[in-house]
Amino acid sequence: MENMESTTLSEFQQKTPINKRGMGLSNAPDFFVLSICSVMFLLLLREHEKRVIIPPDGYLKSVRNLCSKYNVLMIADEIQSGLARSGKLLACDWEEVRPDVVILGKALGGGVIPVSAVLADKDVMLCIRPGEHGSTFGGNPLASAVAIASLDVIRDEKLAHRSAQIGLELENQLLKIQQQFPDYIKEVRGRGLFSAVELNSKNLFPISAYDICLKLKERGVLAKPTHDTIIRLTPPLSMSLDELQEGLNALREVLELDLPELQKTKPKDIPPSASDTCDRCGRNLYASTDKDV
């Protein structure tokens, strides 16, 4: 293959014979497909960094079948969605799909040390022969020991099962909060302990998800605002039901008590940063729909 260091993804896709249309994926959501070329299909599970979008049922199996048909490597980025976060050990396990390559990180270090890993069968791994590729920190003994201990904890404490069970309670409670504040919350979605609350920014303006997350922080809850309209929730896998309820109560209090005050005091002479149309998938952010995304 040519040197790709100076080639953009779009330029590379134009040069390669297999693209979304050629693979029968012309309708595939762009936020799942990071890269399709003649040798690999890189998949970002759950589109977690911004929106926590869950693939439709059967999507991963279709990708697996197409990759097998065209002899393309299926690479699953499970850095955030993997290791029990979604309620399964890997998010791909929800459809019993086995990628050719899996990328892991974050939870692999157990919060102790940064560590990541690439998993694949030897037919893939041994394409790189000794001396062809180096890694400055690869195989670090301390990082390896921490990763093994982290995997032991996930297995022995059944954290995937725990994530699935507590995740159901999280989803149910978030839906109740949505019913309590229907003008503020547009949608709740997620799986396991990996959830998102999408806000209706038109009704909240000039308040953003960032403002709400700051108020949550004051009440002892850390959450990540993304795309101005989304609050991403990824509680610890070891969280108890009492701790979960405490966090949900904080969200209710922010929406009920803090939000009205914020709307009164924050200047309104600035335009909203979120447009009506999603800049990634093109859908209308405020159109009512009964379909899950």
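This is a predicted model: local features need pLDDT of at least 70, side-chain atom pairs count only at pLDDT 80 or more; totals for chains, interfaces and linings use all residues.
Is glutamate 96 buried or exposed? With a relative accessibility of 71%, glutamate 96 counts as exposed, because the cut-off for that word is over 50%. You will find glutamate 96 in the loop between β3 and β4. Its backbone deserves a look too: glutamate 96 has a positive phi of about 55°, although it is not a glycine.

At 42% relative accessibility, leucine 89 counts as partly exposed. Which residues does leucine 89 touch, leaving aside those up to four places away in sequence? They are Gly82, Leu83, Ala84, Ile154 and Ala160. Leucine 89 and leucine 159 are 70 residues apart in sequence, yet their C-alpha atoms are 8.4 Å apart in space.

## The overall picture

Now step back to the whole protein. It has eight helices and nine strands. Of its 293 residues, 44% count as buried. Take the contacts between residues at least 6 apart in sequence: 63% of them join residues at least 24 apart.

## Strands side by side

Follow β4 and you will meet a partner on two counts. Strand β3, residues 73-77, pairs with β4 in the parallel sense over three bridges. In this pairing, isoleucine 75 stands opposite valine 101 in β4. Strand β5, residues 117-120, runs antiparallel to β4, and four bridges join the two. Here valine 102 stands opposite leucine 119 in β5.

In soluble globular proteins, nonpolar side chains tend to be buried together. In this model, the largest nonpolar core has 43 residues, and Leu174, Ile212 and Ile231 have the most contacts inside it. Each of β4, α4, α5, β6, β7, α7, β9 and α8 supplies at least two residues of this core. Which element gives the largest share? That is α8, with eight residues. Why does this core lie between domain 1 (31-127 + 141-157) and domain 2 (159-265)? It lies there because both domains give residues to it.

A second, separate core has eleven residues, including Phe41, Leu43, Met74 and Cys92. Not counting residues up to four places away in sequence, isoleucine 231 touches Ser195, Ala196, Val197, Leu199, Ala209, Ile212, Cys213, Ala223 and Lys224.

Helix α5 has 22 residues and reaches 31 Å from its first C-alpha to its last, close to the 32 Å expected at 1.5 Å a residue. Its buried residues include Ser163, Ile166, Gly167, Leu170, Leu174 and Ile177. An α-helix has 3.6 residues a turn, so residues three or four places apart point the same way. What do the buried residues of α5 pack against? Their partners are α4, β6, β7, β9 and α8.

In α7, the buried residues are Ala209, Asp211, Ile212, Cys213 and Leu216. These pack against β7, α6, β8, β9 and α8. Just after α7 comes glycine 220, which takes a positive phi of about 90°.

## Cysteines

How many disulfides does the model contain? The count comes to zero.

Most peptide bonds are trans. The bond from phenylalanine 205 to proline 206, however, is cis, with omega near 10°. Proline 206 belongs to the loop between α6 (201-204) and α7.

Histidine 227 has a positive phi of about 60°, although it is not a glycine. Where is histidine 227 placed? It lies in the loop between β8 (224-226) and β9. Histidine 227 counts as partly exposed because its relative accessibility is 24%.

Conventions
Residues are numbered from 1 along each chain as its sequence is written. Side-chain values use heavy atoms; hydrogens and water are left out. A nonpolar core is a set of buried Ala, Val, Leu, Ile, Met, Phe, Trp, Tyr and Cys residues joined through side-chain atoms within 4.5 Å. Buried means under 20% relative accessible area, exposed over 50%, partly exposed in between (1.4 Å probe, protein chains only). Domain bounds come from an automatic or database domain assignment. Contact means heavy atoms within 4.5 Å. A disulfide is a pair of cysteine sulfur atoms within 2.5 Å. The expected span of a helix is 1.5 Å times one less than its number of residues. Two strands pair if DSSP finds at least two bridges between them.
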